[in-house]
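The entries below follow the order of my look-ups.

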Amino acid sequence: MTLAVGEKAPDFDVTASSGKQLKLAELLGKKNVVLYFYPGDFTMVCTKETCGFRDAFEELASKDTEVIGISVDSNDSHEKFAKEYNVPFSLVSDENKALAKAYEATNFLTGL
């Protein structure tokens, strides 16, 4: 989904694989939010993308930025993926694809 400057992003209230509650309404005005969708844990391109955010995480966090990765994988898969690749930010399971549909990010997800 392409948002124009000043356009409101679809709200979300999700629980990350770590158990952390993430609500866009609570982040707005307090943090910048990088929300990225990826097809799957442990795939070559998605792993590189996630590791890119991981490598930039310290700089992003120093600028009050919350990074959130979203895929259709389960929380169990996300936990293993985060552990193996030292992912310091939240990964969210969107198994029913509700968030992907809200952000019109379905072209990037497996099975859509």
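**Entry 1: aromatic rings**

I began with F81, which is buried at a relative accessible area of 0%. By the cut-offs I used, buried is under 20% relative accessible area, exposed is over 50%, and partly exposed is in between (1.4 Å probe, protein chains only). A caution on the source: this is a predicted model, where local features need pLDDT of at least 70 and side-chain atom pairs count only at pLDDT 80 or more, while totals for chains, interfaces and linings use all residues. Residues are numbered from 1 along each chain as its sequence is written, and side-chain values use heavy atoms, with hydrogens and water left out.

How many aromatic pairs does the structure hold? I found nine. Rings of Phe, Tyr and Trp (its six-membered ring) pair if their centres lie within 6.5 Å; planes under 30 degrees apart are stacked, over 60 edge-to-face, and the rest tilted.

F81 pairs with F42 in an edge-to-face arrangement, 5.1 Å centre to centre with 75 degrees between the planes. This pair links distant parts of the chain, 39 residues apart: F42 sits in the loop between β3 (32-37) and α2 (44-62), and F81 in helix α3 (residues 75-85). Helices (H or I, at least four residues) and strands (E, at least two) are DSSP runs, numbered from the N terminus. F42 is partly exposed, at 37% relative accessible area.

Next I looked up F57 and F89. Their ring centres are 6.1 Å apart and their planes meet at 35 degrees, so this pair is tilted. F57 belongs to helix α2 and F89 to the loop between α3 and β5 (90-93), so the pair ties together parts 32 residues apart in sequence. F57 is partly exposed at 22% relative accessibility. F89 is buried at 8%.

**Entry 2: cysteines**

I searched for disulfides, meaning cysteine sulfur atoms paired within 2.5 Å. There are zero. C46 is in no disulfide, and its nearest cysteine sulfur, in C51, is 11 Å away.

**Entry 3: helix α2**

I checked the length of α2.

Where does α2 bend? The bend is at A56, by about 55 degrees. I took a bend as the angle between axes fitted to the seven residues ending at a residue and the seven starting there.

C46, T47, T50 and C51 are buried in α2. The cover over the buried residues of α2 includes β3 and α3. Just after the helix, D64 takes a positive phi of about 55 degrees.

**Entry 4: nonpolar cores**

A nonpolar core here is a set of buried Ala, Val, Leu, Ile, Met, Phe, Trp, Tyr and Cys residues joined through side-chain atoms within 4.5 Å. The largest has 14 residues, and F12, L22, F37, I68, V92 and L99 have the most contacts inside it. α1 (24-27), β4 (65-71) and α4 (98-102) each supply at least two of its residues. Another core lies apart from it, with nine residues, among them Y38, C46, A82 and F89.

I listed the contacts of L99, a contact being heavy atoms within 4.5 Å. Residues up to four places away in sequence aside, L99 touches F12, V14, F37, I70 and D94.

E66 is in strand β4. Is E66 buried or exposed? E66 counts as buried, at 8% relative accessibility. Beyond neighbours within four places in sequence, its contacts include K20, L22, K31 and S90.

T65 is also in β4, and is buried at 7%. T65 and N75 are 10 residues apart in sequence, yet 23 Å apart C-alpha to C-alpha.

A16 lies in the loop between β1 (13-15) and β2 (21-23). A16 is buried at 2%. With neighbours within four places left aside, A16 contacts L22, N75, S90, L91 and V92.
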